Amino acid sequence: MGHSSHAEAEERKEMDIRSFSSSQHNQTPYIHKVGVPPKQDIFKEFKTTVKETFFADDPLRCFKDQPRSRKFVLGLQAIFPILEWGKNYNFRKFRGDLISGLTIASLCIPQDIGYSKLANLAPQYGLYSSFAPPLVYAFMGSSRDIAIGPVAVVSLLLGTLLRNEIDPTTNPTEYLRLAFTATFFAGITQATLGILRLGFLIDFLSHAAVVGFMGGAAITIALQQLKGFLGIKKFTKKTDIISVTKSVFHSVDHGWNWQTILIGSTFLTFLLFAKYIGKNNKKLFWVPAIAPLISVILSTFFVYITHAEKKGVAIVGFIEKGINPPSVNKIYFTGDYLLKGIRTGMVAGVIALTEAVAIGRTFASMKDYQLDGNKEMVALGAMNIVGSMTSCYVATGSFSRSAVNYMAGCQTAVSNIVMSVVVFLTLEFITPLFKYTPNAILAAIIISAVLGLIDYEAAILIWKIDKFDFVACIGAFFGVVFASVEIGLLIAVTISFAKILLQVTRPRTATLGRIPRTNVYRNIEQYPEATKVPGVLIVRVDSAIYFSNSNYIKERILRWLMDEEEHLKAAGLPKIQFLIVEMSPVTDIDTSGIHALEELLRSLKKRNVQLVLSNPGRMVIDKLHASNFPSQIGEDKIFLTVADAVLTCSLKLPEEV
C-alpha cells in the first residue's frame, strides 16, 4: 500500500514537470527588469551607514524643530531622566516605591555583607556599594525596575582577578586601593561604551555563553561558601571544583565545626523554604525577601546569648560605622598597578554591564516601556566612577533584588533612593549589631541567592534550539567550574566569536525547486514536494558575499552543480544548461565577492553552463554595475524573480529537455 502511494506521488510529480515545461514553451511572458538605483553620493552613503551603526534609535529626534531653551531642557532630561518622569511623580507612585525600597533593603543588607567577602573586602564596603551608586543611578538611569548594588558574580570575578595581583591577607591596603582603581576604570569603560554608542559590542557575548558562565559562577560561588558553612579555617584560594573538594575533605577530621554546620544548615533550609513559598504564591513575594534579614537577626541573637563564637563559630566581627569615606586619593593613576587596575576594571565592567542591560531589558519588556541601552551604560558608568571615589567596589543591577523590586510594586527608580536611605541608616546606627553575625548565615544567604543563577531550563531550551549555542553554554560552564572564572569567561567569549566567524565564513546555501501548481521556488530540503526544473539548477545564497566567504560560496555552488550533474548522468537525464543564483538574501557584496562571481562565470563557461542571477538587491546591483559584471554575464541574464529566470531559460532549452 505504501509502495503504491509513493509511486502515485512520483507520477504526479512527473506530470507537474511536464505540464510546467509545456506551458513555458507555449507563452511569451512579460519579464520585469531589475531596477538599477541612481548613483548615491559617497558622503551621504557613509553618513547613512554611520547613523545606522551608532544612532539606529535616532536619539536626537526629539530635538528637531525645538527652540534653544527647550533643547537645553531636553538635553538635561536626556542626561538625568528623573527630570522628565519626576514632573508626574505623585504619592501613589511613592507608596509603591517606598514598599519596594524597604523590601529590597531588607534583602540587600545581609547580601552585601556576604558579597563583600567574595570580593575579599571588609563587610562595610558591600554596604557602601549599596548607598552611593543607587543614588547616582536613580538620577541617571532609565530603568524603573533595576535594583542597584553588589552582585555575586561580579564580586567573585573582581575578587579572583584582584587576588591574582595582590594578596588581600598580607597586603590589604594595596589590595583595597587596586579594588577602587578597578572600579574607577570599570565605570570609565561603561560610560565610554555608552557615550560612543558602542553598546552593540556587549551583544557579541551570546545569551548561551552568559547562561553557561552564570551557572558555572553560581556553582563556584556556592563551593566557596563551604568555608564559612562548615567552619573551615584553612581553605584553598583556588576556585575550581577539584581544589575546593580536596580542601573540604582534607579538613573533615580537624577543620569542620558541628555548631557552625548546624547554624548554616538550619537557616539554609529556612531560606530555601521561604523561596519555595514565594515562588508558589506571588502574593507572598515578601517572604523570601525578608527571610535573609530575619535569618541574620535570629542567628546573631543565638550566637550572642550562647557565646557560640567561643566554641569555634566564626563571626563577622566589628563593622566600621559611618557612611562612605572619600577614596579619590586611593585610586592608582600612576605606577605599576595602574595597568592591572585598568585590565581588571574593563573585564569586570563589561560583565557587570552585560548583566545589568539584560536585567533592564527583561523588566522593560514585562512593563512595555523602552530602555535606552546607551543611557544605561552612561548611568552605570557614572555611578561606578562616583562609587570608586566613595569607597565602593563595582556595583550593577542585581537580578534577585530587581525581581523583588518588580514584584513589590516599584513604580520608578525612587525605590533605589529608599533602599539607599535604609542602608545609610544601617551604616550610621546598626552596624555594631552585626558583630556576632555568624559567617555560616552569610554563606547560607549567598548559597540560596546564587542557586537562582543556575538556569537549567534555559540550557535545555538552548540544546533544543541550537546545538552550537549549547556548546558555548556548556563550554563556559565547565570552564568556570573546572578551571577559573577568567578561563570560563575567556571560553565564553572565544566560542561566541567562533560562532560568528563560522556563520560569516560558512554561510548556508540551498537548492530550490518549484512548489507544485505555483510559481514559488523554495528549498527542496524544507519542501520535499518541490520539483526541480529540467535543465536548470537553482541555488540560493543565504548571506552577504564578502572576502571572508566568497571563495567558499563559489566552491559550494560548483559542488551543487557537480552533485546534480552526477545524479542526472546516473539517471540518463539531460545535463544542466542554466545555473540560476537566487540573490534575494544577499544583502551586500564586496570586491572579493565580485571576483568570485567572475571566477564562477569562467568555470561555468568551461562546462557549457550559463550563469543567471535573480533579484540582486540595491547595494548588490549597484556594485555589479560599477564592476561592469552585467556586461560580462549579459544584461538579459539578470531577472527580478526566480520564476522569470526559469521561464526565460526554459524557452531557450531544446524541446527534448
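Me: Which residues is Ile221 in contact with, leaving aside its neighbours within four places in sequence?
Reply: Happy to look at that in this predicted model. Contact here needs heavy atoms within 4.5 Å. With neighbours within four places in sequence set aside, the partners of Ile221 are Leu118, Ala152, Val153, Leu156, Ile446 and Val450.

Me: Is Ser448 buried or exposed?
Reply: Ser448 sits in helix H19, which spans residues 439–450. Beyond its neighbours within four places in sequence, Ser448 is in contact with Leu268, Leu271, Leu272 and Lys275. The cut-off for buried is under 20% relative accessible area. Because its relative accessibility is 6%, Ser448 counts as buried.

Me: What is the relative accessible area of Ser299, and which helix holds this residue?
Reply: Ser299 belongs to helix H14, residues 286–306. Not counting residues up to four places away in sequence, Ser299 touches Ile263, Phe267, Pro438 and Ile441. Ser299 is buried, and its relative accessible area is 1%.

Me: Which residue has its backbone oxygen 2.8 Å from a polar atom of the Ser299 side chain?
Reply: Let's stay with helix H14, where Ser299 lies. A polar atom of the Ser299 side chain is 2.8 Å from a backbone oxygen, and the residue that supplies this oxygen is Ser295.

Me: Which helix supplies the largest share of the lining of the second largest pocket?
Reply: This pocket has a volume of about 1500 Å³. Of its 47 lining residues, the closest to its centre are Ser142, Gln370, Leu371, Asp372 and Lys375. Helices H2, H3, H4, H9, H15 and H16 each supply at least two lining residues. The largest share is 6 residues, and the helix that supplies them is H16.

Me: How many residues in the lining of the second largest pocket are charged?
Reply: Sorting the lining by class gives 22 nonpolar and 13 polar residues. The remaining class is the charged one, where the count is 12.

Key: Residues numbered from 1 in each chain as written. Predicted model: local features only at pLDDT ≥ 70, side-chain atom pairs only at ≥ 80, totals over all residues. Heavy atoms only, no water. 1 Å grid on protein atoms, 1.4 Å probe; cavity = no way out; pocket = protein on both sides within 12 Å on 5 of 7 lines; lining within 4 Å. Points joined across faces, edges and corners; volume = space filled by probe spheres on them. Helix = DSSP H or I, 4+ residues; strand = E, 2+ residues; numbered from the N terminus. Nonpolar A, V, L, I, M, F, W, Y, C, P; charged D, E, K, R; others polar. Buried < 20%, exposed > 50% of the residue type's maximum accessible area, 1.4 Å probe, protein only. Polar contact = N/O pair within 3.5 Å; in protein donor to acceptor, adjacent residues only side chain to side chain.
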